[in-house]
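This briefing concerns the interface between two chains. Please view the sequence and the structure before reading the points below.

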Amino acid sequence: MGLKIDSKKALDAAKEKARQRMENETIRILICAGTGCVASGSLDIAAALKEATKDIKAEVTFIEDGCKSIAVKTSGCHGFCAMGPLVRIEPLGVLYTKVTVDDVEEIVETTIKKGEIIERLAYKHPVSGEIYPIEKEIPFYKNQTRIGLMNCGVIDPEDLEEYLARDGYQAIAKALTMSQQEVVDIIKASGLRGRGGGGFPTGLKWQFALDEEREQKYVICNGDEGDPGAFMDRSIMEGDPHKVIEGLMIAGYATGADTGYIYVRAEYPLAVKRLKKAISDAQAYGLLGENILGTDFSFKVIIKEGAGAFVCGEETALMASIEGERGMPRPKPPFPAQRGLWGCPTTINNVETLANVPNIILKGADWFRKLGTENSPGTKTFAITGDVANTGLIEVPMGLTLREVIYDVGGGIKDNKKFKAVQIGGPSGGCLTEEHLDLTLDFDSLSQVGAMIGSGGLVVMDEDTCIVEVARFFMEFTQNESCGKCVLCREGTKRMLEILQRIVDGKGELKDIEKLEDIASAVKDGSLCGLGKTAPNPVLTTLKYFRDEYIAHVVDKKCPAGICEALKVYGINADKCKGCSKCSRVCPVGAISGEIKKPFILDTEKCIKCGACVEACPFDAVEVV
Amino acid sequence: MALTMSALQRKFEKVNEIIEKYGKKKSSLIAILQEIQEEYRYLPEEILTYVATAMDLSPATVFGVATFYAQFSLEPKGKYIIRVCDGTACHVRGSMPVYNAIRKKVGLKGDRKTTDDLNFTVETVSCLGACGLAPVVTINDKVYGQMTPEAIELILDQLMKEEDGQ
Ligand SMILES: Cc1cc2nc3c(=O)[nH]c(=O)nc-3n(C[C@H](O)[C@H](O)[C@H](O)COP(=O)(O)O)c2cc1C
Ligand code: FES
């Protein structure tokens, strides 16, 4: 590389150069290389597009000032994961969905060379049937405001210069002209709250660390993202790794730390790879290391990979894990800001929190405060998944209602089914219902109804979901992940899981529900860390909002959604049954009888619900009734 | 049979290399175990004991770490490691039927996770972070999205055919 960026002047020059290079790329074809699209084969498409466009420089003349070059780039996640592989063509602003290698030729001939749109590849709204070839007009994108995700899907995350062209490392340059206190003050004034779940004011946290008068301090970026159903941190680390590094540097400068750790979960190999490349490129340019941008500030970044433990996302456990120990939480205080890594003052922030920092420094606290609500300024990314039409990653201003998020951005419930519930905030969050759809999404309104934004996982569930089974599922998760250090969490979650399992198995009694509530409140009050303290949330919220379903399971021995195996009642649909006798032959208890070529009959009393007949029937005539 | 220290060192040459690469600081322990596991596909007990000696840590510390994290396995794993995501998004979109279909296909019964011929290990994981494609399955780190019991069966058929062909 050779180029060293050792002053603000050199940074500006590098930015100008990178900008010009990108401007020369009159056509940019961006192929999503986020985890989802890679899984659907986007890398092959990128290779094919590169091959197909490599000789057509001169031919393309449809853009007024003539085409100087075509850039084919792989980018981070565009967010619209279920529609992948995605290909975006600039400056047309076209987004093609579900692209395959076979489409490449047509894309080059029609769109690249002639500037015409291929309707077949454009997004088609599943309900209205309308076709949206232009990305920013697609309802999924139209209602979003992107700050944390602003570069995701737009730049090549493995190309430092593209980041520079979009004001990369300008924020740390600006921060370095200010005093540490001034930087902390801007973050305080912005009202930024931690996006890792708790929503603690970031500026205040930095102030605590700055106030500690100690030689050695650390900053940590929490990229553990253990919440099942959430992948925003992954997408930011994969799609815009330099942004995370820059945010961490600013945190380091503001609090007086010379070393930053990024803790990434082991399940995210692509994020690790991209971050490692970003760190080594930043070092090569001199943007990390000694005397950054010609100042006294020196900073290095180290990646630590997790090893698969949900509790390691908790800050004190995470620090134990970095130190090479079992990742067990410890009581607070002392808080990490006082005594963290190896006993030194440590600031720990979530990936998304840090990704917001550079923009706040560059554009100011007031700009940030204009977005979102009074007490929850800014935007929040959500991973919207489950039974919703547009699954993917979104970023919206705080204060939107659940309805707006699920219906306007998410496109509503899939397959014309009915909305039943939304699980928000992962295993520590809660299940909300229809009546909460007009609730605004911000830190405070959600905690009032027993849920929380958490990391921002939004799992939408339709009428075919059994809420009790979902509660059992979460309990199984937290029970598995409890580190076992404190009794209430270790034993309490186990007992709760046993009860829930019993109910799902059709063996529950009315008094089980009471017992469940008792244990839940004990675990909530008495656990050491957030894992135990929040583990009862899904149970408590479902008991509150879906009590009748629990009752149906224990009293009527029925699963209203028809999901729980043990409570299923099978019957034979006489219209579909052709009387082939396959079912009666496999039934181990002789519960099915009938005459050949006439509809068979299933005796529910004898039936042991093994499901053998369901599998045996070639006509799908055995149904859950 | 007691091996002399130098014989031991020779036997664990690869392990030594890994330890050397990271240094003997305790904070490197997890990374060292990760790399050893990549090499051997699991963490054999004797290696763990050796790591403890070589890094000047108590065996309890090393075993404690190795058993705490889900990523580490003290038992040999199959050649193909099939992970079925059972995160929330995948669970509500039907990951369990996919998991059951895989177990049936490779012939796993009861609590077993690995087939006798050490060809397949089938396990669940919580959230792979590709929830938009739920339900998600990975086979040796290749990601397959929007799986159904039928689709995964076809993939496994293909895999088994290749396996037989070799
Ligand atoms: C059981 C448990 C798991 C957690 N997992 C994560 C996680 O995966 N990522 C994260 O950023 N914070 C997680 N947290 C919150 C962290 O402890 C901490 O509050 C956060 O990283 C602080 O950053 P923020 O202020 O920027 O949000 C978890 C907390 C608990 C109790
Ligand atoms: S829940 Fe399966 S990938 Fe997230």
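**Interface of chains A and B**

The contact (heavy atoms within 4.5 Å) takes 48 residues from chain A and 32 residues from chain B. This is a predicted model, in which local features need pLDDT of at least 70 and side-chain atom pairs count only at pLDDT 80 or more, whereas totals for chains, interfaces and linings use all residues. Residues are numbered from 1 along each chain as its sequence is written, chains are lettered from A in the order in which they are written, and side-chain values use heavy atoms, without hydrogens and water.

**Confidence**
- The predictor assigns the complex an ipTM of 0.88 and a pTM of 0.91.
- In chain B, pLDDT (the predictor's confidence in each residue, from 0 to 100) averages 90, and 96% of the residues score at least 70.

**Buried area**
- About 3100 Å² is buried between chain A and chain B, and carbon and sulfur atoms give 57% of it; buried area is the accessible area (1.4 Å probe) that two parts lose on being put together, summed over both.
- On the side of chain A, Ala307(A), Arg326(A) and Phe473(A) lose the most area to chain B, together 19% of what that side buries.

**Salt bridges**
- Between chain A and chain B there are 3 salt bridges, each defined by a side-chain nitrogen of Lys or Arg within 4 Å of a carboxyl oxygen of Asp or Glu.
- A salt bridge joins the side chains of Arg93(B) and Asp387(A), at 3.7 Å from N to O.
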